[in-house]
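These are my notebook entries on one protein model. I record what I looked up, entry by entry.

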Amino acid sequence: MRWLILPVSVLTAAAVFLSGQTAAPNPTGISVGHIHVMVADPTAMEKLLTDVLGGSQAKAGPLNMVKLPGVFFIVGGLGGGAKGGEPTPRLGTKGSSVDHVGFSVKSYADTTAKAKAANLPVQELTAGVQGFITFPGDIIVEIQEDTALTTPSAFSHYHLTAPDQNVAREWYIKTFGGTESERRKGLKGAGIPPGSVDFLGVGGAGKGKGGPAPAAAPAPLAGTKGRSLDHIGFEVKDLKAFTDGLVAGGTKMDMAFNDMSTKLGLKIAFITDPNGTYIELTEGLNSK
């Protein structure tokens with residue numbers, strides 16, 4: 001499988017990375033925020049993200065995080081199982097509305113060597129340039145080499161699965177003030193600093209902008225809530241005003257605006273996209 005993909009340095013030349021903090025927001029006040037994962041051994045997961053992708057550990061109140069240029073991983077545990085037994089494993093990204101998340105890496109060879117040394121499965125897509133690494137919890141991370149990077153890695157994209165990619169893309173552009181982007185030739189995504197939200201069709205087929213809708217809409221895949229990758233996040237400059245606007249526009253809030261500054265140093269809210277992707281909205285993550 002060979003995909004023609006533009007490196008993150010081309011897509012985000014104007015983005016400013018602040019040593020692991022989130023990128024400068026778009027005119028709507030939005031940037032990519034975080035990836036929230038729930039795994040059996042959070043400490044081991046944090047170490048893997050640090051060792052393989054070059055992240056550094058951080059905290060937000062009781063939340064354990066690994067920060068990378070342009071995005072944070074928030075890492076939680078599964079908790080005890082029924083009657084004090086082993087925690088029930090969660091399903092991974094494949095088969096859900098978040099198929100995988102993507103990072104550009106300065107050296108594909110170095111990154112895959114670190115992954116293999118940590119006994120993580122690596123699936124090569126384009127020889128010596130691009131592949132998938134499967135982290136604990138069956139969380140799939142795509143990597144692609146971009147030698148122009150000044151850091152070991154940097155956020156590239158969320159890759160979502162939707163029955164109709166065109167409709168999904170327009171929702172993200174409208175909701176988060178995204179711009180049309182093209183990371184894969186012929187397939188349009190929603191550009192949100194410092195990368196993009198890209199879309200696969202159910203079953204892997206894709207239609208670019210202007211392509212016809214499916215003849216018969218396939219059933220959407222499973223939502224993310226309750227899976228190893230529980231939700232994705234966006235950082236918002238003025239979260240209260242933004243969520244007020246969402247509500248006024250008819251968006252259903254899964255959790256209304258909540259000022260958690262005392263406990264987490266964050267203001268938060270939750271929504272779900274039309275295809276089942278659970279989304280946390282934060283204000284204050286970029287200062288961590």
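I began with the pairing criterion: two strands pair if DSSP finds at least two bridges between them. Helices (H or I, at least four residues) and strands (E, at least two) are taken as DSSP runs, numbered from the N terminus. The model is a predicted one, in which local features need pLDDT of at least 70 and side-chain atom pairs count only at pLDDT 80 or more, while totals for chains, interfaces and linings use all residues. Residues are numbered from 1 along each chain as its sequence is written, and side-chain values use heavy atoms, with hydrogens and water left out.

**Entry 1. Overall content**

I counted 6 helices and 16 strands in the protein. Of its 288 residues, 51% are buried, where buried means under 20% relative accessible area, exposed over 50%, and partly exposed in between (1.4 Å probe, protein chains only). I then looked up contacts, defined as heavy atoms within 4.5 Å. Among contacts with a separation of 6 or more, 68% join residues 24 or more positions apart.

**Entry 2. The sheet with strand 6 at an edge**

I traced an open sheet of 8 strands with mixed pairing, in the order 6-7-8-5-9-12-11-10. Strand 6 and strand 10 (179-184) are its edge strands, each pairing on one side only. From one strand to the next the twist averages 30 degrees; axes are lines fitted to C-alpha atoms, for helices over the stretch in contact, and angles run from 0 to 180 degrees between N-to-C directions.

Strand 6 and strand 7 are antiparallel and share 4 bridges. V122 has I133 in strand 7 as its bridge partner.

**Entry 3. Helix 3**

Which residues of helix 3 (residues 108-117) are buried? I found Y108, T111, T112 and A115. They lie on the same side of helix 3 because they cover an arc of only 95 degrees around the axis, the arc being that of the directions from the helix axis to the C-beta atoms. Their cover includes helix 2 (42-53), strand 5 (98-105), strand 6 (122-126), strand 7 (130-135) and strand 8 (139-145). N119, which follows helix 3, has a positive phi near 65 degrees.

**Entry 4. The sheet with strand 2 at an edge**

A further open sheet of 8 strands, also with mixed pairing, has the order 2-3-4-1-13-16-15-14. Strand 2 (56-60) and strand 14 (255-260) stand at the edges with a single partner strand each, so one side of each has no neighbour in the sheet. Here the twist averages 25 degrees from one strand to the next.

Strand 1 (residues 30-39) pairs with strand 4 (residues 71-77) in the parallel sense over 6 bridges, and V37 stands opposite V75 in strand 4. Helix 2 lies across strands 1, 2, 3 (63-68) and 4, running at about 155 degrees to strand 4. Helix 5 (residues 239-248) lies across strand 1, strand 13 (229-236), strand 14, strand 15 (266-272) and strand 16 (278-283), at about 140 degrees to strand 16.

**Entry 5. Nonpolar cores**

I took a nonpolar core as a set of buried Ala, Val, Leu, Ile, Met, Phe, Trp, Tyr and Cys residues joined through side-chain atoms within 4.5 Å. The largest has 52 residues, and those with the most contacts inside it are F103, F135, Y158, Y172, F176, F234 and L281. A second, separate core of 11 residues includes A58, M65, F270 and Y278.

**Entry 6. S96**

Is S96 buried or exposed? S96 is placed in the loop between strand 4 and strand 5, and its 2% relative accessibility makes it buried. A polar atom of its side chain lies 2.7 Å from the backbone oxygen of T93, and one lies 3.0 Å from the backbone oxygen of V98. Apart from neighbours within four places in sequence, S96 is in contact with T161, L221, A222, G223, T224 and R227.

**Entry 7. Two glycines**

G245 lies in helix 5 and is partly exposed at 43% relative accessibility. G79, in the loop between strand 4 and strand 5, is partly exposed at 45%.

Methods. A polar contact is a pair of N or O atoms within 3.5 Å; within protein, one must be able to donate a hydrogen and the other to accept it, and residues adjacent in sequence count only if both atoms are side-chain atoms.
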